[in-house]
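Hi,

Here is the structure I said I would pass on. Have a look at it first, and then read my notes below.

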Protein chains: 2
Amino acid sequence: MADIVKRLVVLGSTGSIGRQTLDIVRAFPERFKVIGLAAGSNIALLKEQVREFKPGFVYHQGEKEQPSGIYCRYISMEEMAALPEVDTVIIATSGGSGLSPTLAAIAAGKDIALSNKESLVSAGEIIMKEVRERSARILPIDSEHSAIWQCLEGETTPASRIILTASGGPFLNYSLDELAGVTAEQALKHPSWKMGKKVTIDSATLMNKGLEIIEAHWLFGIPFEKISVLVHPQSIVHSIVEFADGSSKAQLGCPDMRLPIQYALTYPERLPNPSLPKIDWSLVSHLDFQEPDMMAFPCLNLAVEAGKKGGTYPAVLCAADEVVVELFLDGKIGFMDIPSLIQSVLDEHQPTPHPTVEVITAADAWARNRVRRLVCGGGS
Amino acid sequence: MADIVKRLVVLGSTGSIGRQTLDIVRAFPERFKVIGLAAGSNIALLKEQVREFKPGFVYHQGEKEQPSGIYCRYISMEEMAALPEVDTVIIATSGGSGLSPTLAAIAAGKDIALSNKESLVSAGEIIMKEVRERSARILPIDSEHSAIWQCLEGETTPASRIILTASGGPFLNYSLDELAGVTAEQALKHPSWKMGKKVTIDSATLMNKGLEIIEAHWLFGIPFEKISVLVHPQSIVHSIVEFADGSSKAQLGCPDMRLPIQYALTYPERLPNPSLPKIDWSLVSHLDFQEPDMMAFPCLNLAVEAGKKGGTYPAVLCAADEVVVELFLDGKIGFMDIPSLIQSVLDEHQPTPHPTVEVITAADAWARNRVRRLVCGGGS
């Protein structure tokens, strides 16, 4: 890849992952060219990014047409993801908005650097089938999936077990009583990772880890029974892969999302980047591990069960979670209402096996609506 | 390799690594065929092994000719290592006796599963040059080097740093005063690994880790400045490789030499072996790390300095260490005499740069003689 410029589209460029992706682009101006940028709400930052990276194409969720002060071509995320001049599409949008551009990028046979969990969780079966048929590639950006990918690289034998590490979030070792009273402000203070609000709350409930289990299942073709979770508060070991001979490999690094982002963009190469931190082993006297508390963090099991049942259940899980997290952030529900509301919606759901995108979209809409009615009233 | 029987020669078959190698052969009778066995002193066990594995060829150090009761052909280790029908030569002899058969196996273009450290330490330059010229392969059996090898597999970018883990041995955190009084019996009680006597004492002095640094330098072509040591008492993380992007990979496993032995024999495959233990993460609450105490364990630096100076220094280091360890095991010298005697011999040595095998052999003999004279008297 030494002399080849990789041409990128960054969907969700003003979010946490999008901004860090552009940090990596900035670090290697001779390696990357930004072809398109798409943002959800932060028009001011998008304008700055357009001035700096001079993409040919732009999209902004809030605008129906070309926003003033932006002079590149205004097209949809789906069109952007399929542009013939694009090599890699970075999907860093949050929530359900990632699915449609992901499918467009796959249909166009692109490399997809995927940070958006929800698309793979809701529509993993469809996505992986399309990936195989279109010879597209999914390059995971999540630190855990990047770790697994790095550990599997060069192996000729499949993993016999995957162990996803979890920081445990800000409420590790809290009792159920203590958890009932925690606030959004407390939940947003993640001990090791700096991330967007939605994923930070999902980390506090361990829903994030549950979604990652479903993601890992699809990305690496591993049955749920062979994926487990280990709480590791320091977030230095990003995941562990165990092999049939009893050997395990782990990927380690400082908790900095720019590392998995850079790996996805430069794979299979690794480029020296002085701005990325290295582990200082003189400061690491111990790495701690403990089993997750399934009683205190029921979201983890909710996700695993939804993943195992399959069909439209994971889409309902994702959509319900997105709405309940918003309600929690708005102070409308308590922390322990998050799992109970999701549980209620899952219990009520009439699933469809092997759903189409349309059926998934309908299940998603149903779940969002159902959560709002459960919380705000109005009957079923 | 699924349908191919790998034909093996095991040199040092009655030692700790040799016996564990035959355990792996026993676990996969359809995969391996033992062509030759060679042992140093334990004739009774060698006879048992011959009865069980029915090799065509045998060698025993103590015998000038065919020992009674063994009916296969009696040939030298060098002849055995070069037999045309052999695929892989396992070099599990201890000390200086490994060099000559290693060179014979390389000259014959074999795969060499190398457990003997001393040959690579003493003659790394010659060995690696021959390996390149003869298209032989060295497959490390040491747990640390196997770990590095596993972590580098599939990587297209070289390691930026290698971190060899060390258990710290039975005297971790001992003061210099405490170390002066320790006995051979105490030193032989290794906290995590079950190994031969020589390597167990070398682990207690950290000389073993020093030799491994020199080994890693030659095996992976890494400068000494980029190899460091981290004490990790649990011996679960077997080594760590750091890359230019700040990512690190570690290989982990229960401390059981059969794992790296099997990996070397089945590489690039990994075979399920129910008799090999897997890490039970519910029992691992923490992994500890600390910097090595260079004052209390001067052998580590002696080795690194000998490695950096090169020439005949590493051969002198190895030979002197072999003799002082014997003297310590016989109760003739104290624990802290080990580094001081080796230091004295190194200080007196007149080095030869880029030595031939003959020069290395002469330096080895000089060093052994010099240690004995320093301890038992008789002038220089």
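**Aromatic pairs**

Let me start with Phe335(B), which is buried, with a relative accessible area of 2%. Keep in mind as you read that this is a predicted model. Phe171(B) is buried too, at 1% relative accessibility. The rings of these two residues, Phe171(B) and Phe335(B), have their centres 5.1 Å apart, and with their planes at 80° the pair is edge-to-face. Where do the two sit in chain B? Phe171(B) is in the loop between strand E8 (161-166) and helix H7 (176-180), while Phe335(B) is in the loop between helix H13 (313-329) and helix H14 (337-348).

In chain A, ring pairs join Phe171(A), Tyr174(A), Phe328(A) and Phe335(A) into a cluster.

Searching the whole structure turns up 16 aromatic pairs over all chains. One of them is Trp149(A) with Tyr267(A): the ring centres are 4.6 Å apart and the planes are at 45°, so this pair counts as tilted. It also links distant parts of chain A, 118 residues apart: Trp149(A) belongs to helix H6 (residues 143-152), and Tyr267(A) to the loop between helix H11 (258-266) and strand E12 (286-288). Are these two buried or exposed? Trp149(A) counts as buried at 10% relative accessibility, and Tyr267(A) counts as buried at 15%.

Rings also turn up next to charges. Lys309(A) lies over the face of Tyr313(A), 4.8 Å from the ring centre. In chain B, the charged end of Lys309(B) sits over the ring of Tyr313(B), 4.8 Å from its centre.

**A sheet with strands from both chains**

Which strands make up the open sheet, and in what order? There are eight, running E9(A)-E8(A)-E10(A)-E11(A)-E11(B)-E10(B)-E8(B)-E9(B), and their pairing is mixed. At the edges are strand E9 (227-231) of chain A and strand E9 (227-231) of chain B, each of which pairs on one side only. From one strand to the next, the twist averages 20°.

Ile163(B) has Ile240(B) in E10(B) as its bridge partner. Helix H10 (residues 207-220) of chain B packs on the sheet and touches E8 and E9 of chain B, with its direction at about 150° to that of E8(B).

**Helix H6 in both chains**

In chain B, helix H6 (residues 143-152) has nine of its 10 residues buried, so it is largely enclosed by the rest of the structure. Among the buried residues of H6(B) are Glu144(B), His145(B), Trp149(B) and Cys151(B). Just after this helix, Gly154(B) takes a positive phi of about 85°.

Over in chain A, helix H6 holds Cys151(A), which is buried with a relative accessible area of 0%. What does Cys151(A) touch, leaving out residues up to four places away in sequence? The contacts are Val241(A), Phe243(A), Lys249(A), Ala250(A), Gln251(A) and, from chain B, Lys249(B). Cys151(A) and Gln251(A) are 100 residues apart in sequence, yet their C-alpha atoms are 6.5 Å apart in space.

Asn273(A) is in the loop between H11 and E12 of chain A. At 6% relative accessibility, Asn273(A) counts as buried. Its side chain makes a polar contact of 2.8 Å with the side chain of Gln262(A). Not counting residues up to four places away in sequence, Asn273(A) touches Ile24(A), Ala27(A), Phe28(A) and Gln262(A), as well as Ala244(B) from chain B.

The other one is Ser13(B), in the loop between strand E1 (6-11) and helix H1 (16-27) of chain B. Ser13(B) is buried, with a relative accessible area of 0%. With residues up to four places away in sequence left out, its contacts include Gly18(B), Arg19(B), Leu22(B), Leu37(B) and Gln49(B).

That's everything from me for now.

Cheers

Notes:
Residues are numbered from 1 along each chain as its sequence is written. Chains are lettered from A and ligands numbered from 1 in the order in which they are written. This is a predicted model: local features need pLDDT of at least 70, side-chain atom pairs count only at pLDDT 80 or more; totals for chains, interfaces and linings use all residues. Side-chain values use heavy atoms; hydrogens and water are left out. Rings of Phe, Tyr and Trp (its six-membered ring) pair if their centres lie within 6.5 Å; planes under 30 degrees apart count as stacked, over 60 as edge-to-face and the rest as tilted. Helices (H or I, at least four residues) and strands (E, at least two) are DSSP runs, numbered from the N terminus. Buried means under 20% relative accessible area, exposed over 50%, partly exposed in between (1.4 Å probe, protein chains only). A charge sits over a ring if NZ of Lys or CZ of Arg is within 6 Å of the ring centre and within 35 degrees of the ring normal. Two strands pair if DSSP finds at least two bridges between them. Axes are lines fitted to C-alpha atoms, for helices over the stretch in contact, and angles run from 0 to 180 degrees between N-to-C directions. Contact means heavy atoms within 4.5 Å. A polar contact is a pair of N or O atoms within 3.5 Å; within protein, one must be able to donate a hydrogen and the other to accept it, and residues adjacent in sequence count only if both atoms are side-chain atoms.
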